[in-house]
Number of protein chains: 4
Amino acid sequence: MGSTFGRIFRITTWGESHGPAIGVVVDGCPAGLDLSTEVIQRDLDRRRVGQSKVTSPRQEQDRVQILSGVFEGRSTGAPISLITYNTDADSSKYDAIRDMFRPGHADYTYWAKYGHRDHRGGGRSSARETWGRVAAGAVARQLLRTADVEVYGFVRQLWTIAMETFDRAEIDRNLVRCPDPVAAERMVAAIMAAKDRQDSLGGLVEVRAENVPPGLGEPTMDKLDAIIGQAMLSIPAVKGVEIGEGFSAYSMTGKEHNDEFFIEDGRVRTYSNHAGGMLGGLSTGEPIVARLAVKPTSSVSQPQRTVDVQGDERTILVEGRHDPSICPRVVPVAEAMMALVLADVYLLNRASRI
Amino acid sequence: MGSTFGRIFRITTWGESHGPAIGVVVDGCPAGLDLSTEVIQRDLDRRRVGQSKVTSPRQEQDRVQILSGVFEGRSTGAPISLITYNTDADSSKYDAIRDMFRPGHADYTYWAKYGHRDHRGGGRSSARETWGRVAAGAVARQLLRTADVEVYGFVRQLWTIAMETFDRAEIDRNLVRCPDPVAAERMVAAIMAAKDRQDSLGGLVEVRAENVPPGLGEPTMDKLDAIIGQAMLSIPAVKGVEIGEGFSAYSMTGKEHNDEFFIEDGRVRTYSNHAGGMLGGLSTGEPIVARLAVKPTSSVSQPQRTVDVQGDERTILVEGRHDPSICPRVVPVAEAMMALVLADVYLLNRASRI
Amino acid sequence: MGSTFGRIFRITTWGESHGPAIGVVVDGCPAGLDLSTEVIQRDLDRRRVGQSKVTSPRQEQDRVQILSGVFEGRSTGAPISLITYNTDADSSKYDAIRDMFRPGHADYTYWAKYGHRDHRGGGRSSARETWGRVAAGAVARQLLRTADVEVYGFVRQLWTIAMETFDRAEIDRNLVRCPDPVAAERMVAAIMAAKDRQDSLGGLVEVRAENVPPGLGEPTMDKLDAIIGQAMLSIPAVKGVEIGEGFSAYSMTGKEHNDEFFIEDGRVRTYSNHAGGMLGGLSTGEPIVARLAVKPTSSVSQPQRTVDVQGDERTILVEGRHDPSICPRVVPVAEAMMALVLADVYLLNRASRI
Amino acid sequence: MGSTFGRIFRITTWGESHGPAIGVVVDGCPAGLDLSTEVIQRDLDRRRVGQSKVTSPRQEQDRVQILSGVFEGRSTGAPISLITYNTDADSSKYDAIRDMFRPGHADYTYWAKYGHRDHRGGGRSSARETWGRVAAGAVARQLLRTADVEVYGFVRQLWTIAMETFDRAEIDRNLVRCPDPVAAERMVAAIMAAKDRQDSLGGLVEVRAENVPPGLGEPTMDKLDAIIGQAMLSIPAVKGVEIGEGFSAYSMTGKEHNDEFFIEDGRVRTYSNHAGGMLGGLSTGEPIVARLAVKPTSSVSQPQRTVDVQGDERTILVEGRHDPSICPRVVPVAEAMMALVLADVYLLNRASRI
């Protein structure tokens, strides 16, 4: 249960970190959309490991194959099955800790729930599962392009280092996907230092969507805020999400926080965007802004106290290949999840009026 | 669309602020649960308006009627329909602003989506909709009691005033549901002052669940964190949610943030609970901790710039009866949503193993 | 679980035969639809009991109240809550058989599943539940009217008496809703004779939808045939459903059964309609034709062998007020379910293409 | 949309007849289930083409690969991805009819819905899609084995030839899966004769489930009858489904049709099983009996009148490789769908009581 996201643009991911392959099925993509492996691979390449010194050294080409749902370069409305084969899984490091629970990981909780688990590389709970999200997100993004909706994300803060300037073009120019080149350099240095100390760092990732038409989303339980919240908190390592001012909202008064309306070129606009582009769970037409709290990577190669499946207390030393900070790689995943949410509400919205 | 929450313990709320009645249907409640209007009313009374000087003066008895699903004091497994009639709606204040969009409210976005809306008192987007959540939440909570799971919430911070001490017994002794009586007094004063200034305040609400068995939740898309995130962000005025350390997590390193395991009375425990009771989207058995950013109430009785349905710029003065801070009343709603999430995963979990 | 039908035009029914009220919540109705109690009551009046000598003598006015989702005569997109209060329930007849299981009814199976049940008048399993279906179906039908889709049904056969002529105007002129007035008279006589013998009769109901645009439905699992099948088999007493030729299809060869295409007024048509308006699970544009096998009413006032909750064998005599044949009242329910299916696929179809 | 079946034991199929591969994802299979390619392949081999003179000559090994969700021979609770590569697709026969609509097939309706389709071999609408159903059904069946539930099916009638004797052991001994060896021989002869005439035949398939515990299913909308109805009518070529007496029920009176109860070995039984093992949408504990009307295969190699995408009337000659009667191969698919339904309700039922 629980591997499916979306209501009418629905994805189902599958696969384990050290299994033969991982993939995703996209059901509900409308027919007639231009799709190719190139369009999907472009997004996938942004989340690949082994890209630089700040990511895991595991080498995976992550080449996507389209197995169904696309014919002569366009979607047919049938489910789109996307797959990649795991080629560089190294399970040897996991034999020694097979019966122990790595702190900060899902080992214990999966064991408590299922009683039987694939322990290699985190199995199903590995961040490798996000391959399918990004692949499906690329399809969603292609759909959004037909409506001129654009989604992008970046690292706003890493550990204690916050960005101070914003240059969107800068985002893809540095290893940490930070729009401030000066902060980016300090972030890279901090990550390398943490890696040397066998430690890890977290950060703050922001995702935005622009050109979103007003009125998208569903009220009450499925508010756009709520669905974005679910989407972002389903990403491994994300432990918080805020919309617009979010956790800063309560230091303002109502008068300060309200975004007043005006008319610009015949379109309803707001002077400010403290609401992050959503009111009452529906889009306002202003940019959608969500921020994610990313915890420091749980895999740190220092001895830690833990227990094993027999109920004995042990000391564990987690080896294997890890990202000293997952933040730069959370960016494309968060973009994908945002695109998936928006593709879904964009289609759902067609049923709002007779 | 979007009025349903839950997968096998499912609720559907309905009703508008100034309509004849509001209610909720709970489908999927197991048979054999002791249920009565008293059990449900107890929770409802905690969210009622007109309770004190810090809430809206609207007077609603909010008496629940059980219309189905309960026979001779116990649930039958059939859908439980709960209803209350609106008795003190006053729509007169809304005539003047019928065609205008109140800043911070859903007026504009509902109009953009639907083209036709019940403008009176916010209609469907009113916080009055949460009556059904709390009524259904009381049923969920009754189910959780059979498993000794306990849910409670409180106001941690109001505007700039943070609690400094924690005494759980204190929560229901003061008007703002703050576990620190000294801070509570300052919070009440701040709310009264804001009210006098025709302004409003937000705050930080925390919800906890204790005695949750390990392994509850579903991995990947439906992580427990993610479903709690959706649940909380679907509450009116909530603009952020964090689990455990949440937005503080990224100022820690991985070594600092990881919760190490030990054994206590044969049970797996963690020395700390930075993860807020969840790893890999499943419960750890430690207390579940979620915090909600609540924005200041959007209704402020000062002139604000806005536009109308004709596309003209206007000045609006929102009258009507409002909560100068919704925080104390978000507490029972957040508790209800937490109970609904946990009842659902508690039942779903029965299908985890053969 | 299981009280909800539909994917984006979704209904949830609730209520027991002898509870205080019954009702339905319609979520996902598009905004802007003309709706009134009159429109809904018209359909409800067609399924009422106490209408004639061939139906149960229970007297229920079944007056619908619209509690939400409609403002100034038009739907708002918010959930539409419809309710009626039970006024003529007489539970006295059920005390004597409280612990016994009526043959042909759901008494035993509900008890096996839930261990606790409302035994009065069948409780949740009563055909009274269909009030909500017909009320919601009237909303669906109103939506379909905006697309010129028309749904109607009739009794094709009752027990061994089959219709031999078809005059649509005749359907609502006789007590059994049969388009053949001669057969209708014989059907009424057969029902009265069965009633006198304390017995009951079943029959064959047909539902048609005309003017359905081609391409509605979803392939594979949610084929239009399959969803209609679910819809119809969810109606109490229905034990079979066939589409087009259905169970006659296999006495034909492929060449005989295939509906060949031609062009009429620029529109694709078929010379025959053996497929009943569906190919590959999608509508062809030809009339949709479904037939339902309706079993004879289970309540017969003759002594029958049964067992009780203690596991003892007993003889039961079922009293109470029943329909000697439910067929005429299945007609409006089957129409409602067909309308609900079509409203749902009609809206879903808007997401089929970019 | 529409490629998913099940509520908590959920499958999603994907793939086209002439695409590179087809497959299925099973989400919600409990952990701890013994699973291997052998167990799954055994069921798949029963639906393979190229098995005999009465099936399509297309040669597909249909070897299943398990890509996820199984570790060391047991399910982990993670989604189970099953795949097979298409190896013998021959698209050449479809070039000539690319722009024409084959009568009886989904060509026209897919085109009407999507505007763009994979025409080769029926694309997504091909019966090849059922590979995934049978593969997933084998997993469901393995789960049911842990509860001693057994599912099997057979051909009851083919065209005008009905079985007259029942010997279960006979089913897998003949080419048409008929439990009557004499009738089987006549059926084979009829199929071969139809094939020679370039024609095709349909039939009546029956599926049974034994040892089903009482109380499985969900009432009202998701009645077991209804879900079985959806499941069976979603199988290509199936145009009718009946439960128990089904379309014979209405020739009986209520007294004749009711199944009276008695006690056998402390268990509640019924003297007859006209209800086909279901009352009020829940299982009674008696064998579940469903019958499917299977239309004659639509592909017949005789000239037929049709139209093309330009709206011109044409004559079409459908070539390619087809089953002259699909009935024998519907059997394993119907068994799979029955197993999927029962696995789902079996798990859901765990949430019926506190």
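The model is predicted. In chain B, helix 1 and helix 7 cross at roughly 140 degrees. Chain B also has an open sheet of 5 strands. B:Ser200 counts as buried. Chain D touches chain A through 33 of its residues.

**Two helices in chain B**

- Two packed helices are described by the angle between their axes and the distance between the axes.
- Helix 1 of chain B covers residues 37–47, and helix 7 of chain B covers residues 327–348.
- Their axes come within 7 Å and cross at roughly 140 degrees.
- Helix 1 of chain B and helix 7 of chain B are therefore oblique to each other.
- Helix 1 of chain B brings B:Asp43, B:Arg46 and B:Arg47 to the contact.
- Helix 7 of chain B brings B:Arg329, B:Pro332, B:Val333 and B:Ala336.
- By type, the residues of this contact are 3 nonpolar and 4 charged, with no polar ones.

**A sheet in chain B**

- Strands of a sheet pair through backbone hydrogen bonds, either parallel or antiparallel.
- The open sheet of chain B has the strand order 1-2-3-7-4, and its pairing is antiparallel.
- Strand 1 (4–5) and strand 4 (65–66) of chain B stand at the edges.
- Each of these edge strands has a single partner strand, so one side of each is left without a neighbour in the sheet.
- Strand 2 (residues 10–15) and strand 3 (residues 21–27) of chain B are joined by 6 bridges and run antiparallel.
- B:Thr12 has B:Val25, in strand 3 of chain B, as its bridge partner.

**B:Ser200 and its surroundings**

- B:Ser200 sits in the loop between helix 4 (181–196) and strand 10 (203–210) of chain B.
- B:Ser200 has 30 C-beta neighbours inside 10 Å, so this residue counts as buried.
- B:Ser298 is 98 residues away from B:Ser200 in sequence, yet the two are 7.6 Å apart in space, C-alpha to C-alpha.
- Not counting residues up to four places away in sequence, B:Ser200 touches residues including B:Ala194, B:Pro296, B:Thr297 and B:Val300.
- A:Thr253 and A:Gly254 of chain A are also among the residues that B:Ser200 touches.

**Where chain D meets chain A**

- 33 residues of chain D are in contact with 34 residues of chain A.
- Strand 2 (10–15), strand 3 (21–27) and helix 2 (107–114) of chain D each supply at least two residues of the side that touches chain A.
- Strand 3 of chain D gives the largest share, 4 residues.
- This side of chain D divides into 12 nonpolar, 14 polar and 7 charged residues.

How values were computed: Residues are numbered from 1 along each chain as its sequence is written. Chains are lettered from A and ligands numbered from 1 in the order in which they are written. This is a predicted model: local features need pLDDT of at least 70, side-chain atom pairs count only at pLDDT 80 or more; totals for chains, interfaces and linings use all residues. Axes are lines fitted to C-alpha atoms, for helices over the stretch in contact, and angles run from 0 to 180 degrees between N-to-C directions. Angles under 35 degrees count as roughly parallel, over 145 as roughly antiparallel, 65 to 115 as roughly perpendicular and the rest as oblique. Two residues are in contact if their C-beta atoms, placed from the backbone, lie within 7 Å. Ala, Val, Leu, Ile, Met, Phe, Trp, Tyr, Cys and Pro count as nonpolar, Asp, Glu, Lys and Arg as charged, and the others, Gly among them, as polar. Two strands pair if DSSP finds at least two bridges between them. A residue is buried if 20 or more other C-beta atoms lie within 10 Å of its own, exposed if 12 or fewer, and partly exposed in between; C-beta atoms are placed from the backbone.
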